[in-house]
Amino acid sequence: MKCPTCGGDCILPAGKVLDEILGMYMACSSCPPDPLFNKNASFNQRIDSTFGRCGKCGKRHLDFVIGNVLTLLKENGLFPEDAALKEVGTPLIAFGYQVPYPPRLGNKSLVLIMDSVTEELAGEIIAHVPEVKGVIKRTGLQSQSVGILDTDFTPHTYELLAGCDMRCDVVSSSIGELCIYKNQSKIHIEFNNTKIRKIEQLYLQGELDGAVVVDAFCGPGTLGLLSVLAGAREVILNDAWLPALKNAILNIKANSDILGVKIGFEVEDCDKIIGDEPVLLAKAEGAAEIKVYHGDARKLDTIVKECDICLIDTFPSVNPAEFAARCRDFAKKVVVI
Ligand SMILES: [Zn+2]
Ligand SMILES: [Zn+2]
């Protein structure tokens, strides 16, 4: 599959990711040991693009990679000489997964979210640190959600300065595993699993089997697609934020074998970024029917006459009460995630 952002090979089918993920970041028998750098202390080493690389598998410990980036930042005068490793930014591995050991990184396997970086320097990082695939500049507060809070808000996005920001998170649950791809400069970073636990709970109670499920704020599709795995017969994914829906459609394709569905209809061109009246953007069929709508969740009653479960997953700073009340018009059960 071609990456829609860079045209490269960032998107692997979910089955392949799941087959390879356990070994993807593991040290080989020849890898140098953990460098045991103190990430909080002034970092005095100079690290170039070959330093710390394993001669056998070609991977490097995460700390060498960050040290390489910090060396560039210091050489270019953006960071003071006494800066520490942890000041560089937030590293996100390209195939996100709870790695139980310090990851060893291969080529283009890291997306960096940074507070202090220029476009020129981001280009330097991509050119000289082979493990980094994308550099994103954080804007606003760390606590501020990426995306849109509601349809009348100006979208808050980070800025992709260089490379590609497409990465995926492996979602592990008692229902099964999925790979959820996202353009990380446009999609909120999720660190907690409590939302997935809520879907597992519905699954264990038998409420998803054969059900019609509406995922009213679907984002890149995690909860709705998990519902398909859990046996839902029809799933409607809706979001007002177009970049999230493009990722959701990509995720139906990347997980197509696992979900047992194929996309049969897809709107290629949509120029409206924030949806209003729900518009059908894609439809997949097979083990379940999945429809992807671009619209304001308040207007879902125009396309959904009845459903068993409606999932409401707004950003933490948005009160879900109004949406929940509206969705009760057509949903037998509303679950605020
Ligand atoms: Zn890409
Ligand atoms: Zn090695």
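The model is predicted, and local features need pLDDT of at least 70, side-chain atom pairs count only at pLDDT 80 or more, while totals for chains, interfaces and linings use all residues. Residues are numbered from 1 along each chain as its sequence is written, and chains are lettered from A and ligands numbered from 1 in the order in which they are written.

Helices (H or I, at least four residues) and strands (E, at least two) are DSSP runs, numbered from the N terminus, and two strands pair if DSSP finds at least two bridges between them. Strand β15 pairs with β16 in the parallel sense over 5 bridges, and Leu 311 has Val 335 in β16 as its bridge partner.

Helix α5 is largely enclosed by the rest of the structure, because 8 of its 8 residues are buried (20 or more other C-beta atoms, placed from the backbone, within 10 Å of the residue's own). Just after α5, Gly 231 takes a positive phi of about 105°.

Helices α2 and α3 pack at about 140°, with their axes 10 Å apart; axes are lines fitted to C-alpha atoms over the stretch in contact, and angles run from 0 to 180 degrees between N-to-C directions. The contact residues (C-beta atoms, placed from the backbone, within 7 Å) are listed below.

| Helix | Contact residues |
|---|---|
| α2 (residues 62-75) | Val 69, Leu 72, Leu 73 |
| α3 (residues 119-128) | Leu 121, Glu 124, Ile 125, His 128 |

Definitions and conventions:
Buried ≥ 20, exposed ≤ 12 C-beta atoms within 10 Å, placed from the backbone. Contact = placed C-beta atoms within 7 Å.
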